[in-house]
Amino acid sequence: MSVDLANYVALSGVMFFVGVAGVIVRRNPLIMLMAIELMFNAANLALVAFARAWVANAGHVFVFLVITVAAAEAAIGLAIVVAVFRRAKNVDVDEVASMHG
Amino acid sequence: MTNETALYALWLLPLAGAIALWAFGPALKRGAGWLGSAVVLVSFVLAAALFGAVTGGPGGVHAPLVTWTAGFAFGLQLDPLSLLWTLIITGVGGLIHVYAIGYMWSDRAIARFFAYLNFFVFAMLTLVLSDNVVGLLVGWGLVGLASYFLIGFWFYKPSAVAAARKAFVINVFGDLGIMYAVFALYAATGSIAFADVFAKAGTLSSGLVVAICVGLFIGAAAKSAQVPLHTWLPDAMEGPTPVSALIHAATMVTAGVYLVARFAPLFSSSPAAQEMVAVVGGLTMVTGAVLGVAQWDIKRILAYSTMSQIGYMIMGVGVGAYQAGVLHFFTHAFFKAQLFLGAGIIIHALHDEQDVRKMGGLYFRMKFAFWAMLLGTLAICGFPFFSGFYSKDAIVYGALEHGHPVLFLAGVLTAGLTAYYMFRMLFVTFFGPYRGEVPDEMLGIAPQAQPAHEEEHGSHAPAWLMQAPVAILMVPTVVAGYVLWGGAASPWYRYFGSTFAAGENGPLAAPLVPEWASTLLVLALVTAGIVVAYLRYGAPAARADAVARLGREAAGMPVALRRAFWVDDLLAALFVRPLQAFGELIARTLDPHVIDAGVRDFAWLAGALGAIFRRLQTGLVRGYALTIVIGAAGFIAYFALLGGAK
């Protein structure tokens, strides 16, 4: 049994826009990081789906690359969140805007 | 050691000394003076050792350095002319170095002083040893730089700084003349080597030769203090006295004589250029002597006498009597160095008093300095059997021989003036009452503020350190002229051999008077000068009321002499003030309204753009994310709607 490529792409698109909405709407940096993670994985899903459909293994390789980068990004992002929390005593990204022009 | 190695070594040793003194001098303290003197004296020994090699065969010693392209090769060349200069630079220079150890004994910056002195010796050797016009120009520029350093050595004196700057600017003007001459020579002959240039000198058009000679002579006139570029030399006396003796009497200021003698084949092929050199030399000779009469500062008297004597030399090489002009350089180096060093002993003992009106009676306090000054004075006056007698006589008679009766008369007259102002200095300094305690106003001295020297007191230099070099110089001061004994077969003419064969003017004019008459005429005027000086300053009646007489003379000094014939004022009016006015105009208009305004406007533009774009930097992460989304949507829309992909 096989699932049509269009379904994968549609799911990927939905996931991506859920992630985008999360980043834009939410103010908690932890939730925003999770939303970003969602966008990564939407892209991963699309890559894997296309790779399978067209039998092009480069897509698989890219997924591993994205997972690695996402892990690094999460580590740095969380470190920043912790550092900001220590200074500002709150985790609202709109309040952390002392560098604005 | 081969001859070439010795030549490299004697050239580079002073440079090594200068670098070592710059790097480690302050740690050596007074040892710096000994190191500086030692390298120059070793150079002298090496140069003396090469004497036989130079006089033995044609061409002398030649040592290549680097070759860039064909015709553009650098090298060192030791021929009779450059050997003579090298021996004086390192020999007299070495003695002055030793003297300077005593003179600068209590100066904190003695290491810097000797570093500069060694650097000067290296630069001067570069000038005379170069076998090509470009190397000569490099040395020419470097001696100007060394002179600048040393005139302004006491840089906390504003007058010394001003004098250094003036000397440098006038000399750079002269360097320009030489530079253009060098360009023209290279363009015309395709080579920078003296040998090639002179071999092709005959093929150049006469107009080009005159142009090249004028360019060269502008440089010579600036360096050798010829009218009207002489005004820096009296001011240069702001430097320490050993500097005046070495650079502004014995060596650097005679570079112009070297230049004309070196380019003898070129100058000799152009009567117009020779005439110019001779006339400027004669004019300088007279001007220097006349102004020497009106000076009160012992070093300025000597400075004007230097200018006058270099006038003699330039006149000598100008009329074509090259051996005579160069001989006067040779004897002058000894007696003028001796006079300056003797004056230095006096100045040192009187704690930097230089005004002869404040001296007097010093014969009883400093007998050694008196005898040194007396011998030097007799030599410079051309007193019989002293060195200057032979060289000055040769130049004066040479002018007549080569068909310049007016210059001959000027030379005779100047000899009388020289005797007058030199004995005036001698009588006023050493005889009559000591006037050091007499108030300045009574002697007609204008009040002036002088900043104190930065000196370490406590120890004094041993007297022999300053006396020994002067004592050694006494010997050549008396005997140096004897090289001319024997006429055409004399050691002097044999030494130069064929050096000036091409340079000597062919047929000589029939002299108006025979040589013995010329000599007698000079002697008569010299005697007259000495007698007048004695009556005015040395006779018992003159000594008795010396204070009143000197005060009267100072007050009654003609303005023309006091202002040195307004040459400084003329140069200031013609060049200095117009340039200053131009500079101020630029500073008021172009600088603030164009250059500064341009920079300010760019800064304002950057600020204005920043003020607009800073509004985008809201600090709200959502805003940035939304911007990215909109951008991405735009991209997708572009490709989807317009079919970016094929």
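Modeller: What follows is a short talk about chain A and its helix H1. This is a predicted model, in which local features need pLDDT of at least 70, side-chain atom pairs count only at pLDDT 80 or more, and totals for chains, interfaces and linings use all residues. Residues are numbered from 1 along each chain as its sequence is written, while chains are lettered from A and ligands numbered from 1 in the order in which they are written.

Biologist: How many helices and strands does chain A have?
Modeller: Chain A has three helices and zero strands, counting DSSP runs numbered from the N terminus, with helices being H or I of at least four residues and strands E of at least two.

Biologist: And which residues of H1(A) are buried?
Modeller: They are A:Ser12, A:Gly19, A:Val20, A:Gly22 and A:Val23, where buried means 20 or more other C-beta atoms within 10 Å of the residue's own, exposed means 12 or fewer, partly exposed is in between, and C-beta atoms are placed from the backbone. Seen down the axis of H1(A), these buried residues fall within an arc of 160 degrees (taken from the directions from the helix axis to the C-beta atoms), so they line one face of the helix.

Biologist: What sits on the face turned away from that buried side?
Modeller: That face carries exposed residues, including A:Ala6, A:Asn7 and A:Val14.

Biologist: Changing topic, what does the C-alpha trace of chain A span along its principal axes?
Modeller: The trace spans about 55 × 25 × 25 Å, and buried residues make up 13% of the 101 residues in chain A.
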